Amino acid sequence: MVEAAAQIDILNLLLVLVLAWIGGALAERIGYPAMMGELLAGLVFGPPILGLLEPSNTLDILAQLGVFLLMVYVGMEVDLDDLFDLGPQALIVAIGAFVIPFALGYVGGVLTIATSEGALFLGLAMAATSLATKSRILVDLDILDTRIASVLLGGALVSDVGVLVAFAAVLGFIQAGTVSAASIGLILSKAIAFFAITLFIGYRFLPHVWDQFDSLRERYGFVDKTTAFSIALLVALVFAELAHLAGLHMIIGGFMAGLFLRQADLHEEFYEHMHSVIYDLAIGFFAPIFFVTVAFQITLDVFTQNLGLLVLLVGIAFVGKIVGSWLFALPTNLTSREGLVIGFGMNGRGTVEIIIASIGLSNGIIDQGLFSILVFLAMFTTSLVPVTVKWGVDWLDRSGELVYTQDPVEAKAD
């Protein structure tokens, strides 16, 4: 009987991976992130529609590993030096792209879903963006050498980090269950202690670990490249446990670990191996399982029973991101049109919103209906980014406001 159950789990896992791969490949073929196809695969072939794929404990565990490794990889894509050296334009735009949609989302939540906890989560979901999605779209449009691309990537970077830090604080606040000064102080002290310890480990301890690793390579002439990945995984798990002890979600630990793994002073061959293994595991195996199983929780009733709330939140999502980015771009040396196009780019939520929504659902903070709306919002806004940004870039080009950071001919030569 146990063997039969194991076989069913293996078959289910095989179907999930095959359908995720097909859906992701088709999505990328038409110019969208693989995540979109993976979500659609879970929606169509999972419980919401056909029921061919079934939820299971095995898939739940692998999905949790998926979101954890995905955040480690996202952290490795963020350069701390770039974050600290970021120009004021991107920082100001990032503030606008966070504050305005968060405020609108929170107010909308208070007026519609009645719970302050759900409203806080809704505000964070509205404020989320997706650095990975932006990067892929800008590469495809061949505009990485423009001013709007620089501000857009910088703004998305700061916004992603800001949302994750705010998410850690909000989740700790909600889990405490009280609003006394003592409880708030305890939450803040735990969060501060977590970031202080991880910063100390990342800046003071990890460099010595990588130095010892490199000295072994130089002394013996060879060190198994797998060791670098093993150390990286241990670091990520240590950071995840520290986050857990501080009352934060493990994804915060994974993200912080990824930030410092990027800073690893390793021989290029070893770092590339470590990065590629984490990428392959996260993007090629675990993350697709996460996105497919996320879609298992979607209910299509939102299009009939909660249509008014869906329309309201779609409006808040668009107005919050686009207007927020545009307004805060006005005091900078960006033109009004550039600010609007940057708002189009910042509007795609992608991975971060889906992760926040899934954690909110699993903790009972939001219900299945609101979860379905947030996942739909992430898919809808992300799908429109390539179209709206391309239209915006053409608009800027026609009006002579597409500013290049270097000569286009030189950029293509590079």
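Colleague: Rings of Phe, Tyr and Trp (its six-membered ring) pair if their centres lie within 6.5 Å, with planes under 30 degrees apart counted as stacked, over 60 as edge-to-face and the rest as tilted. How many aromatic pairs does a search of the whole structure find?

Modeller: The search turns up 11 aromatic pairs. In one of them, the rings of Phe194 and Phe195 have centres 5.1 Å apart and planes at 70 degrees, so this pair is edge-to-face.

Colleague: Nice! Which other phenylalanines form an aromatic pair that is edge-to-face?

Modeller: Phe290 and Phe291 do, at 5.1 Å centre to centre and 65 degrees between the planes.

Colleague: Before we go on, what kind of model is this?

Modeller: It is a predicted model, where local features need pLDDT of at least 70 and side-chain atom pairs count only at pLDDT 80 or more, while totals for chains, interfaces and linings use all residues. Residues are numbered from 1 along each chain as its sequence is written, and side-chain values use heavy atoms, leaving out hydrogens and water.

Colleague: Got it. New topic: is Phe194 buried or exposed?

Modeller: Phe194 is buried, with a relative accessible area of 2%. Buried means under 20% relative accessible area, exposed over 50% and partly exposed in between, with a 1.4 Å probe and protein chains only.

Colleague: And Phe290 and Phe291, buried or exposed?

Modeller: Both Phe290 and Phe291 are buried.
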